[in-house]
Number of protein chains: 2
Amino acid sequence: MKLAIYGYGNLGRGVECAVSKAKDATLVGIFTRRDPATVQPLTKVPVYSATRLKEFKNEIDVLILCGGSATDLPTLSPAMAADFNMIDSFDTHAAIPEHFEAVDKAARESNHLSLISAGWDPGLFSLARLYGSAVLPDGDDYTFWGRGVSQGHSDAIRRIDGVLDARQYTVPIEESMDAVRAGLHPALTTGEKHTRECYVVAAPDADKAEIEQKIKTMPNYFSDYTTTVHFITMEELKAHHNGIPHGGTVIRTGNTGLNDENKHVIEYKLQLDSNPEFTAGVLVAFARAIDRMHRRGVTGCCTVFDVAPADLSALSPNELRATML
Amino acid sequence: MKLAIYGYGNLGRGVECAVSKAKDATLVGIFTRRDPATVQPLTKVPVYSATRLKEFKNEIDVLILCGGSATDLPTLSPAMAADFNMIDSFDTHAAIPEHFEAVDKAARESNHLSLISAGWDPGLFSLARLYGSAVLPDGDDYTFWGRGVSQGHSDAIRRIDGVLDARQYTVPIEESMDAVRAGLHPALTTGEKHTRECYVVAAPDADKAEIEQKIKTMPNYFSDYTTTVHFITMEELKAHHNGIPHGGTVIRTGNTGLNDENKHVIEYKLQLDSNPEFTAGVLVAFARAIDRMHRRGVTGCCTVFDVAPADLSALSPNELRATML
């Protein structure tokens, strides 16, 4: 299959690496809204201006959108869905139904197939929630995130006066996870599930006490959580907090038996050194499925819920049954 | 959907309980090869002789086979696939390709749809292996079982002279799991992955040392493992070892990045109080999918790999996207 990348940030670079590991995929090009001459790819892949994308309409099996959910994808995804089979990692959970409708309309009218919201949450975690609820209908599921870097929370700290740089780690509360695993079905507030750890580089003349106060009282981002703030040097930040690790756990607990006497726990856990590179691996696997499904005549918009797992693998159905079932 | 159970042992009773939790399913009947008058169901469900099954051909959407993989299913599944949409939990991994062919032929010729090898391994663990390998192609997966009761190993102990009853627990070796999680990609022999814990009730006049020796040296079952044998009373066995718990963990580790510099761990873990009741929940969810797929015109044999996750849920696609994605 012939893939192309639209948008070349961390996620785009991750997709470039992931395609190099997929024996059945080649990269037609990287499309950027910047001046292509200023973009240096990791591998030998041509870089084009995004304005030239339509010239490649017949050469791209699936276009992988690597833009942001806040401002890029709400308009970019429906626009691209009209000309290409497309996959994105739209992750604003509350806006997914609206995004789905817009992409579905564009893809249906042009007989293309799109898949939205691929990645790990939404994505693999959504699948864990769905499989868990289907096989244990009498139960509850809980999603914990971390330990990992939240880009949104790090950005929020950086916007405070006197802050030069910052990293925020979302940390799941182990005692809450244990209560879930024990089948206690606890009702947990957002602050009872996670704590927030902040590493902040302050300007030399900044008032650190004031910065800490501003972080801890910031509504939505921090005020509902137990938040710790550590002031460190720029050197320490670069040495120890330069990665983009993330992960999390989906736990489903439920009961079976005539009198609900038996308890079951399903736990799906990710520990990722690089959030964007892992997300990229998910995108490439689902791009493979989109290519196959479109060749079978499927059009419109779908999600990870609509993809039969066999379509994700480079192996044949016979090989899968013989080696993985 | 209208379901029926063929075979009423632990798994059949589990399916009976699972159907009672599925709002969109009813149970047409339990079909048994025993005298129906001797079978007492848990709920108000009619019990019929298996010889009468064909009378219900038009009343059953999906027949759930609850027979054993060793002797029942190899002949029973293809036979039933010719008259019904059918699902089984065939778990002899090495014989799956052959079983698939036999069921596929029978189902295709009669325009029915069957799904084989549903449960948790094969089943949910197979899915964990497939998703893991698809999104992290440069990696390895490891499956650990337990802590849980192995029926086959318990039976093997019971066949020793002087043994009145026995339970065998398969126990994963935590240090080996940790080496896998650390991304060391260890080459593990079967005895380096699991130990075997045996609880044995011996006859009053039996030679316990001889029984222990026979267990520990039994080829295939025990000789390749670190095996511990505990002699207990029948009362202790009934008080502390009467359940059928099981579970296990599938771990996929892999690397990404241009120089493989980033490591990722995907872990899927089950802790089950009742192996048959949990397996039954998986069967009912996949029966729902089989019913829907057959109504869309799909025929032949499929596996968990061929089922789009959305088909497993009683919720609509819109509801799934809004609540679980």
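Which strands of chain A does helix α2 (residues 73-81) lie across? In this predicted model, helix α2 of chain A lies across β1, β4, β5 (86-87) and β6 (113-115) of chain A. Its direction makes about 175° with that of β4(A).

**The sheet in chain A**

Chain A has an open sheet of 7 strands, and reading across it gives the order β3-β2-β1-β4-β5-β6-β14, with parallel pairing. At the edges you'll find β3 (47-49) and β14 (300-302) of chain A, each pairing on one side only.

Further in, strand β1 (residues 2-6) of chain A runs parallel to strand β4 (residues 62-65) of chain A, and 4 bridges join the two.

Over in chain B, 7 strands make an open sheet with parallel pairing, in the order β3-β2-β1-β4-β5-β6-β14. Here β3 (47-49) and β14 (300-302) of chain B are the edge strands; each has a single partner strand, so one side of each has no neighbour in the sheet. Helix α3 (residues 96-109) of chain B packs on the sheet, where it touches β5, β6 (113-115) and β14 of chain B.

Leu63(B) stands opposite Met86(B) in β5(B).

Here are the helix-to-strand angles in one place:

| Helix | Strand | Angle |
|---|---|---|
| α2(A), residues 73-81 | β4(A) | about 175° |
| α3(B), residues 96-109 | β14(B) | about 140° |

**Two helices meeting in chain B**

How do α1 and α10 of chain B cross, and at what angle? The axes of helix α1 (residues 10-21) and helix α10 (residues 275-295) of chain B come within 8 Å and cross at roughly 55°. The two helices are therefore oblique to each other, and α1(B) passes α10(B) in a right-handed crossing.

On the α1(B) side, the contact residues include Asn10(B), Leu11(B), Gly14(B) and Val15(B). They belong to a contact whose α10(B) side has, among others, Pro276(B), Glu277(B), Thr279(B) and Ala280(B). By class, the contact comes to 8 nonpolar, 4 polar and 1 charged residues.

Definitions and conventions:
Residues are numbered from 1 along each chain as its sequence is written. Chains are lettered from A and ligands numbered from 1 in the order in which they are written. This is a predicted model: local features need pLDDT of at least 70, side-chain atom pairs count only at pLDDT 80 or more; totals for chains, interfaces and linings use all residues. Side-chain values use heavy atoms; hydrogens and water are left out. Two strands pair if DSSP finds at least two bridges between them. Contact means heavy atoms within 4.5 Å. Axes are lines fitted to C-alpha atoms, for helices over the stretch in contact, and angles run from 0 to 180 degrees between N-to-C directions. Angles under 35 degrees count as roughly parallel, over 145 as roughly antiparallel, 65 to 115 as roughly perpendicular and the rest as oblique. A crossing is left-handed if the near helix is turned anticlockwise from the far one by less than a right angle, and right-handed if clockwise. Ala, Val, Leu, Ile, Met, Phe, Trp, Tyr, Cys and Pro count as nonpolar, Asp, Glu, Lys and Arg as charged, and the others, Gly among them, as polar.
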